[in-house]
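Please open the structure in a viewer and keep the selection panel at hand.

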Amino acid sequence: MPPAKGLFPARGGALQCAPFIMPARDSGPQLFQARAPGWRPKDSVVNKTDLVFLKHFAMVIGGLMLLTLVLIAGAGLIYSDHLPEPSAISADKVAARIAPIGDVYAGATGQAAMAAAKAAAAAAAQAQVAYEGTLDGSVIYDKLCGVCHISGAGGAPQLTQALWAPRVAQGTDLLVKHAIEGYQGAAGVMPARGGNPSLTDEQVKATVQWMIDSLK
């Protein structure tokens with residue numbers, strides 16, 4: 001193997017600089033080979049075709065991103081003046097959360113407000129039909145009237161002939177009227193509609209008639 005070239009004395013005694021030596025890939029036993037200035041490897045990692053593809057691909061991605069931004073901005077402009085309608089369920093929930101838990105009334109103004117609130121509550125209750133609108137007096141009696149009339153609580157007469165004979169003698173229409181409007185008697189108090197404003201007049205009448213027919 002010939003010696004590697006470098007800085008060696010020339011024949012005249014002066015030093016001369018030799019070209020830099022690079023290792024050769026296919027030189028066999030030779031370890032170094034001179035490379036010309038500006039030398040570039042032939043087998044580059046990224047060739048020209050790949051560079052063109054990457055350039056076009058980057059342009060497509062950039063265009064899609066720009067289109068996305070334009071669509072977002074356009075949608076914002078279109079819907080900025082069209083606010084979504086509020087949900088009725090959400091509005092009810094908000095109203096329930098901020099509703100006052102109580103009211104304070106005083107004087108004549110307070111009494112009028114209380115009367116108005118009571119009337120409004122009664123009207124709302126009457127708008128709902130109690131016990132699915134049944135006219136079966138036994139059902140209404142078991143669910144409502146029997147609470148007092150079975151035990152006699154509050155002076156309510158139990159279903160016996162002895163207690164009801166004086167009342168039946170007054171007529172069924174008067175009993176129904178007292179049951180609908182309420183009645184203050186010597187023995188106790190009959191609340192209007194048995195304490196359930198949702199009862200209709202027909203339901204009250206059917207229940208009174210069932211109670212009369214069931215006297216023992």
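Predicted model: local features only at pLDDT ≥ 70, side-chain atom pairs only at ≥ 80, totals over all residues.

Residues are numbered from 1 along each chain as its sequence is written, and side-chain values use heavy atoms, with hydrogens and water left out.

**The core.** Select Leu159, Trp164, Leu199, Val204 and Val208, the residues with the most contacts inside the largest nonpolar core, which has 17 residues. Such a core is a set of buried Ala, Val, Leu, Ile, Met, Phe, Trp, Tyr and Cys residues joined through side-chain atoms within 4.5 Å; buried means under 20% relative accessible area, exposed over 50% and partly exposed in between, with a 1.4 Å probe and protein chains only.

Next, colour α4 (137–149), α6 (172–181) and α7 (201–213), each of which supplies at least two residues of this core. Helices (H or I, at least four residues) and strands (E, at least two) are DSSP runs, numbered from the N terminus.

Centre on Val208: leaving aside residues up to four places away in sequence, this valine touches Leu175, Val176 and Ala179 (heavy atoms within 4.5 Å).

**The helix residue.** Move to Met114 in helix α3, residues 107–126. Met114 is partly exposed, with a relative accessible area of 48%.
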